[in-house]
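Welcome! Here is a short tour for someone meeting this structure for the first time.

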Amino acid sequence: MRFKPTAAALAALLVLAACGDAARSLAAGEPGDDAVCALDGMSIKDYPGPKAQLVFKDGRIDYFCTLAELFEVLFGDDGRHAVGASYVQDMGQADWNKPRGHWIAASTAFYVLDSRAQGAMGPTIATFASQQDAAAFAAREGGRVLDFKQVQPVMHASGAKPAHQAHDDSMR
């Protein structure tokens, strides 16, 4: 007996293939050597500290040289509408001075705010896959450990702006 695909079976296969393509298109990308920050045009590869990215539903990726910039867009009025996924780097695995790879979902990360660690714009928010790595970093560099759900209200309450924008505002 030979299998003869029906129209319904073919349609189901097409739907499954499309879902696979959609999932792949929302995967983290690795910024190329020429990648720049979506908000300020700074080179991604030229600065220490964790980077971030937003993958939009259409597959486009915006990279950010600081987490404050990611949060400005993600928690802003327009941020959530077209965003498919957000990623940060696990600094428990990535090299702080030349971070590459080790992308994790922003919603699962642990964040160290108010540390002495320096990134692209001076003091930066550090990101980790494990709470233990985040706590060890905070013990070395100072700061406090928050999960993703705790970060949003803190960023809103502080009126956080990317360092370049706060600096530009103070010059006016």
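What follows looks at a helix and then at some charged pairs.

Please keep in mind that this is a predicted model.

Helix H3 spans residues 131–141, and Ala134, Phe137 and Ala138 are buried in it. Why do they lie on the same side of H3? They do so because they cover an arc of only 100 degrees around the helix axis. In general, an α-helix has 3.6 residues a turn, so residues three or four places apart point the same way. The other side of H3 carries Gln132, Ala139 and Arg140, which are exposed. What do the buried residues of H3 pack against? Their partners are strand S5 (110–113), strand S8 (126–128) and strand S9 (144–147). After H3 comes Gly142, with a positive phi near 80 degrees.

**Charged pairs**

Side chains of opposite charge can pair when their charged atoms come close. There are four salt bridges in the structure, including these:

| Salt bridge | N to O distance |
|---|---|
| Arg100 and Asp33 | 3.1 Å |
| Lys45 and Asp46 | 3.7 Å |
| Asp62 and Arg60 | 3.0 Å |

Arg100 and Asp33 are 67 residues apart and link distant parts of the chain. Arg100 sits in the loop between strands S3 and S4, while Asp33 belongs to the loop between helix H1 and strand S1. Arg100 is partly exposed at 36% relative accessibility, and Asp33 is exposed at 53%.

Is Asp62 buried or exposed? Asp62 is at 18% relative accessibility, so it counts as buried. Its place is in strand S2 (residues 61–64). Beyond its neighbours within four places in sequence, Asp62 touches Ala38, Ala52, Gln53, Leu54 and Phe56. Its salt-bridge partner, Arg60, is partly exposed at 41%.

Methods:
Residues numbered from 1 in each chain as written. Predicted model: local features only at pLDDT ≥ 70, side-chain atom pairs only at ≥ 80, totals over all residues. Heavy atoms only, no water. Helix = DSSP H or I, 4+ residues; strand = E, 2+ residues; numbered from the N terminus. Contact = heavy atoms within 4.5 Å. Buried < 20%, exposed > 50% of the residue type's maximum accessible area, 1.4 Å probe, protein only. Arc of directions from axis to C-beta. Salt bridge = Lys/Arg side-chain N within 4 Å of Asp/Glu carboxyl O.
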